[in-house]
Every structure is written in C-alpha cells, then in structure tokens.
Amino acid sequence: MIHMQAIIYSRVSSLSQDYQRQLINLQTVAQEKGWHVRRTFQEKISGTVKSGSRTEFKSLIDYIDKTSVQVVMVSEISRLGRRVVDVLNFVELLHEKGIALYIQQFNMLTMENGKENPVAKMLLQMLSIGAEMENSQRKIRQYEGIQLAKIRQRYNGRRIGARTSPSALLNKYQNVSDLIDKSDLSLRRIAGITGHSINTVRKIKELKEI
C-alpha cells in the first residue's frame, strides 16, 4: 500500500445532477489504497466549457501549484472535460509536476514511480477524442431530430402568444445561465456551445440582469 496525498475533482453538467456519487466512490477508492484525500473540488458546469473558464478547475490548478500532492482523482476522463486539448494539456501539466491522474473507470494511474504509463496515455488520448466526437454527434442528432419533426409537421416552434415566466426560462436554459455566470465567453460563443440561438442567449442574459 503506497501512501500518497490526493485530491478529487468531480463534475456534473447541470444543476439538476448530483456529484455526491462520484465523491463517495473516489473517497472509498482512496481509503482502500491508503491515499489521503487533502481536498475535493466539485462543480456543476458543462464539460464543453474550456477548463480555464471553470471556477473549481482553476482552483484545482492553483492548489497543486502551492501544495504537494501525488495524485488527482477523477471518476472518468469525461469529468475533466469534453475537449481533447483541455484534457491532454491538463495531464501534461500534472506530469510536469510529477503528479499522476487516477481514472476510476479503469482503475489506472497515468504515472507510476515517476514514469508515464504508456498504456494509460494512449487510452487517455482515445477516450478524449471519443468524448469530443460523442458531444459533436449529440448536437448533430439534435439538429436532425428537429429537421425531421419539421418535415413531419410536428415541430412548429413556440406557439404564438405563449408566455413563459422568467424563472421558467432560466430553468429551461440552465446551461446558458451557467455559462453566463461562470465564464467570460461571448454571447455568440455561448450560443454555439449550447446550441441555442443568439437571441435566446441574449434574452437569458437580460433576465439575469433584472
């Protein structure tokens, strides 16, 4: 049993989701391996948001700059984000500091005894690319579904005269609201990430400023 100082990062994509399961599972793993969890970082934000725009992720980076730890724990690679460049850059940063990434879904460390695990590195690259492709495919399926519904005359957009309360709108477009609060992205960029129109994003921003 190797005693190491560890930190945990957990993330879910929306406010309706709960990251407690991730935390409990990773804390259990740490206990079994004899690792001491010094701190946990958790947040509710889309994985498509750049890592540099995520508050808790940036706090994690600051923490490992100032504190000696040997391992960062995540439940699965997609928790770090769905952008390949973000994931690989983070792992490279960890390795430069001599810190390993532990991925629970494979019970694997990316670095052992000060050396990179080549199998973990290859798997990491494949999984990161897969996560990014999955996100792109999801957007494509959503778009195709809307187009098919229009062809079948089952998608007519919002009913004329229909009104939605401000709180209901903010809840409906929670991902837009989260990005407005937690990132410095432009409204056009937020629209691109969430798949909503620029007018919708602008409306949500106006509602939050009331």
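Author: Buried means under 20% relative accessible area, exposed over 50%, and partly exposed in between, with a 1.4 Å probe and protein chains only. This is a predicted model, in which local features need pLDDT of at least 70 and side-chain atom pairs count only at pLDDT 80 or more, while totals for chains, interfaces and linings use all residues. Residues are numbered from 1 along each chain as its sequence is written, and side-chain values use heavy atoms, leaving out hydrogens and water. Tyr-9 and Phe-57 are both buried.

Reader: How many aromatic pairs are there by the rule for rings?

Author: A pair of aromatic rings is described by the distance of the centres and the angle of the planes. Rings of Phe, Tyr and Trp (its six-membered ring) pair if their centres lie within 6.5 Å; planes under 30 degrees apart count as stacked, over 60 as edge-to-face and the rest as tilted. The count here is four aromatic pairs. Tyr-9 and Phe-57 have ring centres 5.4 Å apart and planes at 85°, so this pair is edge-to-face. Helices (H or I, at least four residues) and strands (E, at least two) are DSSP runs, numbered from the N terminus. Tyr-9 lies in strand E1 (residues 5–12) and Phe-57 in helix H2 (residues 55–66), 48 residues apart.

Reader: Which residues form one aromatic cluster?

Author: Tyr-9, Phe-57 and Phe-90 do.

Reader: Which charged end sits over the ring of Phe-57?

Author: A charge sits over a ring if NZ of Lys or CZ of Arg is within 6 Å of the ring centre and within 35 degrees of the ring normal. Over Phe-57 it is Arg-54, 5.0 Å from the ring centre. Lys-44 lies over the face of Tyr-19, at 5.6 Å from the ring centre.

Reader: Which residues touch the most other members of the largest nonpolar core?

Author: A nonpolar core is a set of buried Ala, Val, Leu, Ile, Met, Phe, Trp, Tyr and Cys residues joined through side-chain atoms within 4.5 Å. The largest has 21 residues, and those touching the most other members include Ile-7, Leu-60 and Phe-90. H2 gives the largest share of this core, five residues.

Reader: Why is E1 described as largely enclosed by the rest of the structure?

Author: Seven of the eight residues of E1 are buried, so the strand is largely enclosed by the rest of the structure. Two strands pair if DSSP finds at least two bridges between them. E1 pairs with E2 in the parallel sense over eight bridges, and with E3 in the parallel sense over three bridges. Val-72 in E3 is the bridge partner of Ile-7.
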